[in-house]
Amino acid sequence: MTVDLFDSPTVISLKVRLDRPVDRERPCCRNICIIAAGKGPHAGELHCADCGQHRGWLSKPTAHWIEHIATRFGAPSTPIVVRKSHTYEEEAPSAET
Ligand SMILES: [Zn+2]
């Protein structure tokens, strides 16, 4: 696995499972996503692992959180679950349910 270390690339190509409210309302396949390289302020982009559909963006704090989990526990055998509080606490603090 070759990665550059100057942004948040250690999370690139990791699989995560989305469990945000929107993913329960409108799931895509199994809600498993693969993290791709992000653009601009985004640390990563989430693509459905099954059909490739764009599923959202990964903020830098979330990427760091995932990186921390992956580093601490090693390459996870099951995808890390990303919930709303992880994904959107920076972007939409007032949208708490
Ligand atoms: Zn899908």
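## A partly exposed zinc ligand

C29 is partly exposed, with a relative accessible area of 49%, where buried means under 20% relative accessible area, exposed over 50% and partly exposed in between, computed with a 1.4 Å probe on protein chains only. C29 lies in the loop between α1 and β2, and has a positive phi of about 50° although it is not a glycine. Most residues other than glycine have a negative phi.

The structure is a predicted model, in which local features need pLDDT of at least 70 and side-chain atom pairs count only at pLDDT 80 or more, while totals for chains, interfaces and linings use all residues. Residues are numbered from 1 along each chain as its sequence is written, and side-chain values use heavy atoms, with hydrogens and water left out.

## The zinc site

The zinc ion has as its protein donors C28 (SG), C29 (SG), C48 (SG) and C51 (SG), at 2.2 to 2.4 Å; donors are N, O and S atoms within 2.8 Å of the metal (3.2 Å for Na, K and Ca), and water is not among the atoms, so sites may look incomplete. Along the chain, these donors follow the spacing C-C-x18-C-x2-C. The arrangement is tetrahedral because the four donor atoms subtend angles of 101 to 125° around the zinc ion, and four donors count as tetrahedral if all angles lie between 85 and 135 degrees. For four tetrahedral donors the ideal angle at a metal is 109.5 degrees.

C28 has its place in the loop between α1 (21-25) and β2 and is buried, with a relative accessible area of 8%. C48 is buried as well, at 4%, whereas C51 counts as partly exposed at 45% relative accessibility. C28 and C48 are 20 residues apart in sequence, and their C-alpha atoms are 7.1 Å apart in space. Leaving aside neighbours within four places in sequence, C28 is in contact (heavy atoms within 4.5 Å) with C48, C51, Q53 and R55.

## Secondary structure and strand pairing

The chain has three helices and five strands, which run β-α-β-β-β-α-β-α from the N terminus on; helices (H or I, at least four residues) and strands (E, at least two) are DSSP runs, numbered from the N terminus. Strands pair if DSSP finds at least two bridges between them. β1 and β2 pair in the antiparallel sense over three bridges, with I32 in β2 as the bridge partner of R17. β1 and β5 pair in the parallel sense, also over three bridges, and here the bridge partner of V16 is I80 in β5.

Strand β3 (residues 44-48) pairs with strand β4 (residues 54-58) in the antiparallel sense over four bridges, and H47 stands opposite H54 in β4. The hairpin of β3 and β4 has five residues between the strands, and G52 takes a positive phi near 80° there. D50 lies in the loop between these two strands and is partly exposed, with a relative accessible area of 39%. Apart from neighbours within four places in sequence, D50 is in contact with C29 and R30, while its C-alpha atom is separated by 7.5 Å from that of I32, 18 residues apart along the chain.

## The nonpolar core

The largest nonpolar core has 14 residues, of which V11, V16, I35, L46, L58 and I66 touch the most other members; such a core is a set of buried Ala, Val, Leu, Ile, Met, Phe, Trp, Tyr and Cys residues joined through side-chain atoms within 4.5 Å. At least two residues of this core come from each of β1 (15-18), β2 (32-37), α2 (60-73) and β5 (80-82), and α2 gives the most, with three residues. Not counting residues up to four places away in sequence, I35 touches V11, I12, S13, L14, V16, G44, E45, L46, L58 and I66.

In the segment before β1 lies S13, which has a positive phi of about 80° although it is not a glycine and counts as partly exposed at 48% relative accessibility.

## The chain as a whole

Of the 97 residues in the chain, 32% are buried. Among contacts with a separation of 6 or more, 39% are between residues 24 or more positions apart. The chain exposes about 6,100 Å², and carbon and sulfur atoms supply 54% of this area, which comes from the Shrake-Rupley method with a 1.4 Å probe; for residues, only the protein chains shown count as cover.

Note on methods: Tetrahedral: all angles 85-135°; square planar, octahedral: opposite > 155°, others 65-115°.
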